[in-house]
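Me: I would like to learn how to read a few features of a structure. Please show me one.

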Amino acid sequence: MTATNDQSPQAWPSLKVEDWIDTRDTLHLWTQIVGKIRLVNAPLVNHWWNVTLYVSPRGLTTSSIPYGRSQVFDIEFDFVDHQLRIRSDDGRTQLVALEPKPVAQFYSEVMQAMRELGIETKIQATPNEVDPAIPFAEDYEHASYDADAVHLFWRQLVHADRVMHEFRSHFNGKVSPVHFFWGAVDLACTRFSGRTAPTHPGGAPNCGDWVMEEGYSHELSSCGFWPGGGDEGAFYSYAYPEPEGFAEYPVGPAGAYYSQENGQFLLPYEAVRTAPDPDAALMEFLQSTYDAAADKGAWDRDDLEGNPDRWDHRR
């Protein structure tokens with residue numbers, strides 16, 4: 001079944017995971033290639049914030065990436081015109097078509113486009129957090145690209161990103177950007193209590209434990225959207241380390257629940273999409289699950305939280 005994008009841009013779109021799973025898995029690997037290019041060129045930022053992608057008005061972007069001491073470039077997945085656009089600060093642009101093609105071909109075309117721009121980049125050319133991890137240059141198995149479905153997925157991200165930015169604005173403490181992690185193909189935002197955390201045990205497939213140790217070095221409450229875990233994907237929220245009583249904490253809206261299997265709260269995307277006020281439904285989930293982490297974890301909420309409207313009378 002092929003998804004259609006004839007829905008209003010203002011509507012939260014419907015996209016069943018089963019209708020685009022092959023495309024999703026191919027796109028996941030394509031984002032890993034682009035994310036790894038950012039990884040090897042950008043300096044480390046705590047918790048790997050230097051490797052992520054961001055929702056843009058046309059798709060997903062790396063933002064500016066430094067190359068050496070005199071050049072910057074960026075890479076954007078354009079899910080409107082379905083092109084991968086690589087731009088250099090000298091005005092040159094290279095395009096790679098987003099269309100049905102094997103990961104191996106996409107990888108070759110992207111690296112050739114980089115060379116055309118004079119950007120010599122060598123990445124660890126094997127995917128992470130997937131099993132089996134087929135080297136990019138050898139992967140002819142994943143070759144699907146349903147443009148309509150990808151466009152709808154991007155519209156899901158646009159809406160999730162918008163509400164998550166509003167949620168982020170209510171926190172004065174250390175908080176991540178709203179960003180797209182290509183390892184697990186999810187949009188995420190993470191708040192921190194300010195305290196260090198026990199060493200993370202790791203265990204993600206084809207991913208060094210040291211990667212997770214960096215990501216989870218400090219006590220946190222993380223939320224996001226993942227295109228899996230439900231008929232149309234799912235919103236999630238978890239705490240690390242998980243405080244006693246977290247799983248039993250009452251959260252909303254209706255449809256939200258704690259998954260013992262996943263070790264986190266989940267809210268099916270369709271429960272948000274079909275709610276009378278989808279923004280309010282998602283915000284309730286984000287806030288109540290954060291409350292669970294902050295209350296049960298004894299966070300200093302008076303110091304960490306704030307009102308983003310506090311200067312409105314001056315603006």
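Me: Is Cys223 buried or exposed?

Reply: This is a predicted model, in which local features need pLDDT of at least 70, side-chain atom pairs count only at pLDDT 80 or more, and totals for chains, interfaces and linings use all residues. Residues are numbered from 1 along each chain as its sequence is written, and side-chain values use heavy atoms, with hydrogens and water left out. Buried means under 20% relative accessible area, exposed over 50%, and partly exposed in between (1.4 Å probe, protein chains only). Cys223 has a relative accessible area of 4% and is buried.

Me: How many disulfides are there in the whole structure?

Reply: A disulfide is a pair of cysteine sulfur atoms within 2.5 Å. The search of the whole structure gives zero. Cys189 is in none, its nearest cysteine sulfur being that of Cys223, 5.3 Å away. That distance is too far for a bond. Cys189 is buried too, at 2% relative accessible area.

Me: How many helices and strands does the protein have?

Reply: Both are DSSP runs, numbered from the N terminus: helices are H or I with at least four residues, strands E with at least two. The protein has seven helices and 12 strands.

Me: What share of the residues of the protein counts as buried?

Reply: By the cut-off above, 53% of the 315 residues are buried.

Me: What part of the contacts joins residues 24 or more positions apart?

Reply: Contact means heavy atoms within 4.5 Å. Among contacts with a separation of 6 or more, residues 24 or more positions apart account for 62%.
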